Amino acid sequence: MLKIVMFLFLFSSISSRADLTIYTSELPPYVMNNGESGIAVDILNELFLRSKIKAELLLTPNARAIHQAQISLSSCAFPIQRSQKRESEFSWIGPIFISQSAIFTLENSKVDITVLDDVGQAVIGVLLGSSDITYLKNRGLQVEEAHNEILNARKLRSKRFKYWASDSLAAPFLAGRTGVSIRKKIIFRKSLRALACNKNLDPKIVKVMNDVLTRMYKDGTIERIRNKYLKTVAYHSNK
Amino acid sequence: MYAHRNLILMICIFFMTTAFSQSTEKKFKKRALFWIENEFSPSTLSKKEQIKELDWFIKASRPYRGTTIHVISERIDTHIYEAKVLAKAFKEITGISVIHETTGEDDVVRKIETQFKKGIYIYDAYINDSDLIGTHFRSQRVRPLSVFMKKEGRRVTLPTLDLDDFIGLKFTTGPDGILYQLPDQQFANLYWYRADWFARVDLKRKFRDLYGYELNIPVNWSAYEDIAEFFTIHVGSIDGQQVYGHMDYGYQGPSLGWRFSDAWLSMAGAGDKGLPNGTPVDEWGIRVENCRPVGASVERGGAANGPAAVYALTKFIEWLKKYAPPGSNKLNFTQSGALSKKGNIAQQIFWYTAFTSALTQKGLPIVYPDGTPKWRVAPSPHGAYWQKGMKLGYQDAGSWTFLKSTPLEKVKPAWLYAQFVVSKTVSLKKTIVGLTPIRKSDLNSKVMSDMSPRLGGLVEFYRSNARNYWTPTGTNVPDYPLMSPGWWKTMPKAITGELSPQEAMDELADFLDDKLLFLEKEGKIACAPKLNKKRKRSYWLYKAGSPKARLINEKPKGRTISFEDAIGVYK
């Protein structure tokens, strides 16, 4: 487990023990280079700076990140898809960004998808812990879960399944790393990606950070950070 | 010579484009006919009228062909049908692609809140419950449909939309008389019971011997409670199966909040008289004076922590613990709905008719081999504080909502899709699939009459005036996304015993007052709250209307009536 101390600001009016531990996993272009850069990392960086809150970032698999945020106070998982099912399980700070989930196939696949349900009963590969699993199952579709997305990309390449459901920006990065050529067939869902913090986290911290985040949306900070990464994203998406 | 050649080239291009356009148009018309013949039947329109209506969609959608729109709705059968079938048909008929997301209702609320509070453009349209009408008319962040249809949306507004045919427009119209949302589906929460068990002579006799009146549809909560006790305690098992006189759910989450905020306090009788919502105090216990919310706590003239509200919560907990199947407190709305299929529940006081389709499937233990259900729905019983003229239940009106922060050029194709899925060409078939009627023409059709015996009283309810007594959250709630979490965050504390019912309702009233105060200080919305000063509870409790003083007897004698009489009240 890689540990990176991100910020060392203390918000004295909240509490001297206001440290947060953020559990996350590599998800380019949101979290990249072992958590040192990425759209989401830069947004968080600015958010903590402005909120004057000390935080540390730990890289860990998605499902474990969620578990940690559930069991330890002052912990958050990130970036988590906020959903009704999870609503009461966490204190939410977000959205840090809006993501889009899409269905991918191999580059040369000829299948035509007008609506999500055209996938039929074919198996869809999904990341363990992703709320896309519940979403797809609720639509009556079949899923196969994997511990990481690289594994899903490999399974797609070896035709273990025909479809891969993943983040529309992250999948091209991850497929590129494994040398798999993929094609986006349909975007099927948008998600509010947020910090899912322990539900007993001090409500003052939650409020301060949500207020700062709203200001960051309104003053254009979020858009500026996103735009900084757009060129890289476009490059990978077009590959 | 050169100019001459260019002219010929331009003429050729013109003819080629025209030919291509005509062939595209032909393709769309062919697909429209295919869908009419293979899916959109029956319809309240003739085939000729359907073709004419779809022709209009083909023409109106020309500027938007090739575009993709994103819409979001709650996950119920009706919307799944739209997402799977109608979105596909719309693409083939108009060339506009639709990503129709179906998700938890709370997701829809959080996303619409994010778009209008953080200013992030997320969706082109929302199918948003009309419970947010108080939010929408105040925030002015929603495109007012009645204005849009006459102005910028005139050319994309269906001439045969026939607004007068919709049964739920009063739920989606603000106090300013402006239509903000267009209903897409409606369902109510009704009383659900096993008509076959209620008709059994042995059970009827046993009930009469024990309680002194007929086993039939309960008019009041006293009778509901007696029947719950009767089946769980005195009957115990039927045909070797353990049975229960009550079903509910108690898992902490947004759906538990709706179980209360939708109508529970109004059913108990906490609010004032008035339809669709009590005036000046509504079913959330919020008092409004001159369009401004002035408080939810009794101390400020509200009723959220008044005796009727405490009675409502007390009964909810008592019945859940005494009469519902073990483990019900761990279930959510969806899980609870599914459990009724098992065939061991005798009655349910708060049953969403969105489950009708799921509970009429052949082969279920609650459906006869000929497809008719062993169960029925009827108007819900009311609590001790309820008086005639008050709201008696909840009706969900999932409605098309367009935000001003969505670009106009995306709103227009989304508005076309919205009208397509509620058009008369499509509407009756959609009603048959999802059983969430929105049009009088569908409800009064022969098809619905023919289906009626298989729907357990749903058609009778919707054809009666009762549908006007089952209403959504109204305009007293100034910011639904901000205030609604208060319900699911506080009610569980009483269910687990951490707080008494009075303490939990006090906490809820404080939560609601705090949010009203926040909105008052923020001062950003029209008809913003202006809180009353706190006074002694007795000041308000002994005035006429809500909040009401505690009744000496909260359990009057139980009263039951026949199904025909129950519906007849609302003729």
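Guide: Helices (H or I, at least four residues) and strands (E, at least two) are DSSP runs, numbered from the N terminus. The model is predicted: local features need pLDDT of at least 70, side-chain atom pairs count only at pLDDT 80 or more, and totals for chains, interfaces and linings use all residues. Residues are numbered from 1 along each chain as its sequence is written, while chains are lettered from A and ligands numbered from 1 in the order in which they are written.

Visitor: How many helices and strands are there in chain B?

Guide: Chain B has 571 residues, and buried residues make up 56% of them. A residue is buried if 20 or more other C-beta atoms, placed from the backbone, lie within 10 Å of its own. The count for chain B is 23 helices and 13 strands.

Visitor: What is the radius of gyration of chain B?

Guide: The radius is taken over C-alpha atoms, and the globule rule is 2.2 Å times the number of residues to the power 0.38. The C-alpha atoms of chain B fill a box of roughly 105 × 60 × 40 Å along the principal axes. For 571 residues the rule expects a radius near 25 Å for a compact globule, and chain B agrees with it at 26 Å.

Visitor: Which element gives the most to the side of chain B that touches chain A?

Guide: Two residues are in contact if their C-beta atoms, placed from the backbone, lie within 7 Å. The contact takes 26 residues from chain B and 22 residues from chain A. On the side of chain B, helix H3 (77-94), strand E2 (97-103) and helix H4 (105-118) each supply at least two residues. With 7 residues, the element that gives the most is H4(B).

Visitor: Why is helix H10 of chain B described as largely enclosed by the rest of the structure?

Guide: The buried residues of H10(B) include Trp258(B), Arg259(B) and Phe260(B). They pack against H3 of chain A and several elements of chain B, among them H4 and helix H20 (485-495). The helix is largely enclosed because, of its 8 residues (254-261), the number buried is 8.

Visitor: How far apart do the C-alpha centres of domain 1 and domain 2 of chain A lie?

Guide: Domain bounds come from an automatic or database domain assignment. For chain A, this gives domain 1 (3-99 + 193-237) and domain 2 (100-190). In the contact between them, 17 residues of domain 1 meet 17 residues of domain 2. The C-alpha centres of the two domains of chain A are separated by 25 Å.

Definitions and conventions:
A residue is buried if 20 or more other C-beta atoms lie within 10 Å of its own, exposed if 12 or fewer, and partly exposed in between; C-beta atoms are placed from the backbone.
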